[in-house]
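Morning, everyone. I have one structure to show today, and I'll keep it brief. Have a look at it first, then I'll start with a term.

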Amino acid sequence: MQSRQKFPKLPLSIAFVILTTAILSLSTAQVAFAAEGQKAAHPSEGLFLVQIIVLVVSGRLLGELMVRIGQPSIMGQIIAGIILGPSLFGLAFPHLQASLFPSDGAQKSMTDAIGQLGILFLLLLAGMETDLSLARRLRKSAAGVSLTGIVIPFAAGFALGELIPDALLPDPQKRLVTSLFLGTALSISSVKIVATVVREMGFMRRNVGQLIVASAIIDDTVGWVIIAVTFGLAVKGTVDLATLATSVIGTLAFMAVSFTVGRRVVFEIIRWTNDHFRSDLPVLSAIIAIMGAMAIITNLIGVHTVLGAFVAGILIGESPILTRQIDVQLRALTTALFMPVFFGLTGLQTDLTVLADPSILLLTAAVVVIASIGKFGGAFAAAKIGGYSAAEALALGCGMNARGSTEVIVATIGLSVGVLDEKLFSVIVAMAVITTMAMPPTLRWALKRLPLREEERDRLQREQFESESFLANFERILLTIDGSQSSRLATWLAAFFAVTRKMPVTVLDVREADGDRSERDARAAVSKTSQAKSSADDLRKCATDLISTAPTDKDTASESDIHVTVREKDGELDTVLGDISSTGHDLLFTGIEPSMGEDGRFSASLQVMTSAFAGTSAIVTARGLLSERPQDLRILLPVSGTERSVRAAEFGLAIAKAANAHCALLLIVEPRQARAIPRISDHPDDHWDILKKVGSIADHYGVKVEKVVQEGPSPELSILRHARSGQYNLIVLGVSKRASGSLSYGSVADTLLQTADRSCIFIETDVAPSQAIRE
């Protein structure tokens with residue numbers, strides 16, 4: 001379990017002094033701005049800026065305080081709004097509060113617009129954080145926990161709405177819709193709050209932690225569908241079968257199209273934008289456009305825009321080329337501006353003085369009790385039925401009892417359509433604040449009581465290996481071809497990684513057209529493009545064959561996950577490769593001939609390519625008779641105890657797993673008398689450690705390897721001798737560039753290039769994967 005970060009103390013009094021000073025110092029300016037706005041009979045831009053600054057600064061200060069005491073930061077933003085609203089600031093200084101946040105519709109609409117954008121960006125981020133693979137893997141347990149955790153409090157909340165006196169309803173004619181909103185607000189957990197607390201405690205990869213998050217994901221997804229349908233009913237004003245059918249069918253159709261055709265469309269938009277635009281932050285603009293388009297679609301079919309934003313976030317989060325930079329950029333804008341404004345405005349609309357009314361206070365208490373007991377009881381019962389221990393069920397029940405942002409957004413939507421008034425709105429916000437602030441300490445207490453199961457320990461070790469894996473950082477493949485046998489073998493390798501690592505592949509034909517610009521050149525260009533497309537088709541076919549013959553594996557891509565594009569060589573080779581590597585391509589498979597130059601080293605074309613490409617290069621040379629099927633490969637992995645060779649071994653093991661190929665590990669030990677300096681392999685125990693390390697990698701990939709230790713003064717001779725005796729047809733060697741006029745990877749690699757009678761892969765394992773993408 002991770003230790004919690006220690007923060008310097010920031011006394012509460014200092015924060016309030018800062019907050020009060022900021023508010024009062026801005027009040028003088030805002031009075032003038034308000035006066036100007038009244039004289040000009042239009043909203044004041046100056047007052048709008050003052051409001052935004054006050055909300056952002058106060059939300060940041062109180063959010064910081066919440067984090068330091070172990071609470072989510074959004075609680076501070078909501079509390080900041082409550083302080084600035086009629087509950088405290090308006091109660092103490094009513095005229096000042098009214099001038100700072102006037103009720104004038106035109107002025108209020110300016111901040112409300114930022115708040116509405118905030119809802120969409122919050123749901124976009126929530127969708128991007130949604131791990132569908134986790135929800136799929138734990139779908140049975142998570143679905144049980146989520147459904148019981150939704151049905152029980154939803155039924156209780158709905159019943160409460162049906163029993164509320166007419167005097168407490170904004171419109172008794174809309175009692176059914178109000179009851180639906182109450183039921184939804186009491187039943188849905190906030191995946192953002194849940195995931196944040198579980199992650200902060202270091203329990204994200206524990207079984208119960210994953211079940212909590214997976215259940216919250218299903219909660220959120222089901223909740224926004226319910227809200228979308230309820231919103232449609234609220235807008236229509238009446239409840240009839242036609243309205244209900246339109247909302248339900250429209251929502252289901254939208255979801256079905258989004259998660260089939262939409263998934264591919266979203267990826268293609270992101271890829272095309274990233275690969276073709278040259279201006280700053282084009283992918284971020286594309287993501288915002290995707291979110292807006294899907295929100296508009298849901299609005300047109302009669303459901304709320306939040307569903308479109310949430311689904312857009314899920315699809316964007318599953319894009320295979322979404323990088324950390326994009327996530328950070330989007331999160332920074334949302335966290336710094338939209339979140340404090342939206343949650344601050346929510347607090348401003350919350351009037352806790354209504355709790356002075358005994359009936360409202362009683363209603364609030366009933367809502368909190370129903371929400372807590374219903375959610376905890378449903379999750380606890382489902383966990384016990386699912387075979388979890390009492391301690392695990394207890395932790396699950398505590399973890400699911402967090403509302404926070406989700407309920408606030410639900411309440412805001414209900415208020416905007418008139419099915420909730422300020423009283424019920426304040427009751428729901430109070431419930432959200434109370435349950436959310438109670439969740440972190442109770443969950444921490446419950447999680448500390450959980451023992452670590454043996455199978456859980458093994459899984460955590462596997463995930464730790466994957467996080468530190470050499471291959472884990474690669475994102476996109478560039479495949480350069482020239483129609484040769486080496487190109488065919490490189491195409492196979494690219495297909496392996498497209499299937500097992502779900503990596504998009506771009507195919508580039510690097511051949512030059514001979515002669516002057518003429519009709520022959522045009523035919524050559526057409527032929528080159530056709531060859532690239534043919535290679536792309538071969539790659540897809542190879543990937544499809546692998547998928548159909550491979551055993552079922554949750555990490556193996558489906559046919560819809562195979563992304564292959566063709567790039568034309570529209571300039572000098574080094575310029576084109578440099579441009580491609582700047583668009584997130586970080587692994588180059590190059591299979592061109594001739595691979596060797598006149599000096600016995602790698603050819604000048606390969607030198608140009610490996611120098612221009614910013615990521616990791618893997619040079620593929622096909623020698624001898626290439627087998628008809630990828631499954632007929634026999635792979636030899638020479639290692640010498642260096643980190644470079646171990647990384648290359650992992651690379652080869654990943655290929656062996658994809659092709660279901662036979663694999664052998666050859667540890668080469670130089671004779672001691674041939675060395676004056678001791679090395680890692682001077683002791684037999686060191687030999688065993690190397691074999692054990694690579695063996696653990698093989699176990700992770702599920703590949704059985706033959707292990708051989710061979711001693712000799714010539715590593716390249718040992719490699720070739722063993723490859724021939726064992727009939728291995730592919731050698732995978734880890735290399736690093738040497739400083740020289742031509743491309744050289746050292747004597748071993750150069751000798752294999754010159755003399756090997758079987759195929760080889762030379763991979764630069766000392767080059768860190770590039771994280772480049774257009775920003």
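A crossing is right-handed if the near helix is turned clockwise from the far one by less than a right angle, and left-handed if anticlockwise. Keep that in mind. One caution: this is a predicted model.

Now the helix pair. Helix H6 covers residues 105-128, and helix H14 covers residues 305-317. Their axes come within 6 Å. They cross at roughly 35 degrees. The crossing of H6 past H14 is right-handed.

Who makes the contact? From H6, we have Ile119, Leu120, Leu123, Leu124, Ala126, Gly127 and Met128. H14 brings Thr305, Val306, Ala309, Phe310, Ala312, Gly313, Ile314, Ile316 and Gly317. By class, that contact of H6 with H14 holds 12 nonpolar residues, 4 polar and no charged ones.

Next, helix H23, residues 573-581. Which of its residues are buried? Leu573, Val576, Leu577, Asp579, Ile580 and Ser581. And what covers them? The cover includes three strands: E1 at 477-481, E2 at 505-509 and E3 at 564-567. Helix H24, residues 604-612, is also part of that cover.

Stepping back to the whole chain. The protein chain has 28 helices and 10 strands. Of its 775 residues, 54% count as buried. Take contacts between residues at least 6 apart in sequence: 82% of them join residues at least 24 apart. The protein chain exposes about 32,600 Å², and carbon and sulfur atoms supply 60% of that area.

That's my tour. Over to you.

Definitions and conventions:
Residues numbered from 1 in each chain as written. Predicted model: local features only at pLDDT ≥ 70, side-chain atom pairs only at ≥ 80, totals over all residues. Heavy atoms only, no water. Buried < 20%, exposed > 50% of the residue type's maximum accessible area, 1.4 Å probe, protein only. Helix = DSSP H or I, 4+ residues; strand = E, 2+ residues; numbered from the N terminus. Contact = heavy atoms within 4.5 Å. Areas by Shrake-Rupley, 256 points an atom, 1.4 Å probe, with all protein chains shown as cover. Axes fitted to C-alpha atoms, helices over the stretch in contact; angles between N-to-C directions. Nonpolar A, V, L, I, M, F, W, Y, C, P; charged D, E, K, R; others polar.
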